[in-house]
Amino acid sequence: MPESIPAPLVIDALKDTFKEARAALAAEGWRNPTSPYLGWILSVPDTHQKTVLAALDKEDTIKTVTCATEDEACTIAAGLHLGGEPVVLMIQHAGLYASVNTLRGVSMDGKIPVFYMIGLLSREKDKDPKESRHSMVRFAEPLLDTFSVPHARLEGPNDVHLIPEYYRLSRQRKGPAAVLVGLETT
Amino acid sequence: MAMKPEDVLKVIAAHRGEAICVPTMTTGPAWREMQPEDFSVGCVGFMGGASSLGLGLALARPERRVVVFDGDGSLLMQLGSLATIAGARPRNLIHLLFKNGVYHTSGSQEIPGGLVVDFVTMAKGAGYKTTLQIGDLEEFKRRFPKMLTEEGPIFAELITTLADKTPMTDRRGVPFDQQAGKLREKLLGAQR
């Protein structure tokens, strides 16, 4: 059975992810840009991850920018990446559907690493997402498969290690990668 | 009054220094000829994204000016970016809108609302620090160098004619991934 993930665990995983990203940049021989933040969150607010967003509001080391659309979030992420800044997108499955052309143009064809945390709003606790009665839950993984976007499910506290792993994967393959937040965070 | 986009670009090229430039659509071919190896990245393959790409660059590189050469048809595709930019308050972002009232590359069909659409009012309402409209080249020559030192975000609607070339009539453009890779190397390498 999936379990909800407490927000502090996600925040710690994001901090570790950003620290690792900056260390990797330095290891490649580049000097990190002078930034007051560990990293950036680009959010089109997702009900499923609202406790994480609330916790981020109190974080001085991570800068959150709220975007009007997921198209913007993906493209702003590209600009931040070109400038050397680590960035994570937090969106909802419906926003993924709305922005697939930008995912294709910016991240896939543009070879820009973009890491998504996608909330599966309305996912039933006792069902596999592929068997959900809600199309917005059911189609998320098949859509990512269609675009060959590697993805994993965050089904409980023990899965937060997938956040840095899939972030790293997006950098390695110079394209998109995603984790799907199975249940609403606490 | 309307300005030739190529003339506007010449003014920008003369004053931009090390500003990062983000051309889109009809400004792409002329800018490439004027500034072939510089801190620029064209918005190719994701129409409407120039303002957001510019915002990301501006946030990542607050020490540099970022100048976006947007189009009116392009901006309409991601109009919400006006509010996102204003909310993020990038002090170093200059958002230039080349307004010709049409989708030039696809055969000059009129954009929704045509030239009546008032982008200056929209940007002002969204919360840009400075908004203005310029239709005279002499005025742009006077005003642009000041924009490079003023606090942003700045939005300027430039009344322009059609460009001589478009990405459809001049297909020598470099793919986005190659432009992006070069810019990233320059930006990060500049600090090595």
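Reader: What covers the buried residues of α8(A)?
Author: This is a predicted model, to be clear. The cover includes helix α1 (7–27) and the strands β3 (87–92), β4 (114–119), β5 (151–154) and β6 (176–181), of chain A.

Reader: Which residues in α8(A) are buried?
Author: A:I163, A:Y166, A:Y167 and A:S170 are buried there. They lie on the same side of α8(A), because their arc around the axis is only 105°.

Reader: What should α8(A) span, end to end?
Author: The helix has twelve residues, 162–173, so at 1.5 Å a residue it should span 16 Å. Its end C-alpha atoms are 16 Å apart, which agrees.

Reader: And what comes just after α8(A)?
Author: A:K174, with a positive phi of about 50°.

Reader: Back to α1(A). How does it cross α8(A)?
Author: The two axes cross at roughly 35° and come within 8 Å. The crossing is right-handed.

Reader: Which residues meet there?
Author: From α1(A), A:A13, A:L14, A:D16, A:T17, A:E20 and A:A21. From α8(A), they meet A:I163, A:P164 and A:Y167. By class, that contact has six nonpolar, one polar and two charged residues.

Reader: New topic. How many residues does each chain put into the contact between chains?
Author: Chain A gives 28 and chain B gives 29.

Reader: Which helix gives the largest share on the chain B side?
Author: α3(B), with eight residues. α3 (50–60), α5 (81–88) and α8 (176–189) of chain B each supply at least two.

Reader: And the classes on that side of chain B?
Author: 14 nonpolar, eleven polar and four charged.

Definitions and conventions. Residues are numbered from 1 along each chain as its sequence is written. Chains are lettered from A and ligands numbered from 1 in the order in which they are written. This is a predicted model: local features need pLDDT of at least 70, side-chain atom pairs count only at pLDDT 80 or more; totals for chains, interfaces and linings use all residues. Helices (H or I, at least four residues) and strands (E, at least two) are DSSP runs, numbered from the N terminus. The expected span of a helix is 1.5 Å times one less than its number of residues. A residue is buried if 20 or more other C-beta atoms lie within 10 Å of its own, exposed if 12 or fewer, and partly exposed in between; C-beta atoms are placed from the backbone. The arc is that of the directions from the helix axis to the C-beta atoms. Two residues are in contact if their C-beta atoms, placed from the backbone, lie within 7 Å. Axes are lines fitted to C-alpha atoms, for helices over the stretch in contact, and angles run from 0 to 180 degrees between N-to-C directions. A crossing is left-handed if the near helix is turned anticlockwise from the far one by less than a right angle, and right-handed if clockwise. Ala, Val, Leu, Ile, Met, Phe, Trp, Tyr, Cys and Pro count as nonpolar, Asp, Glu, Lys and Arg as charged, and the others, Gly among them, as polar.
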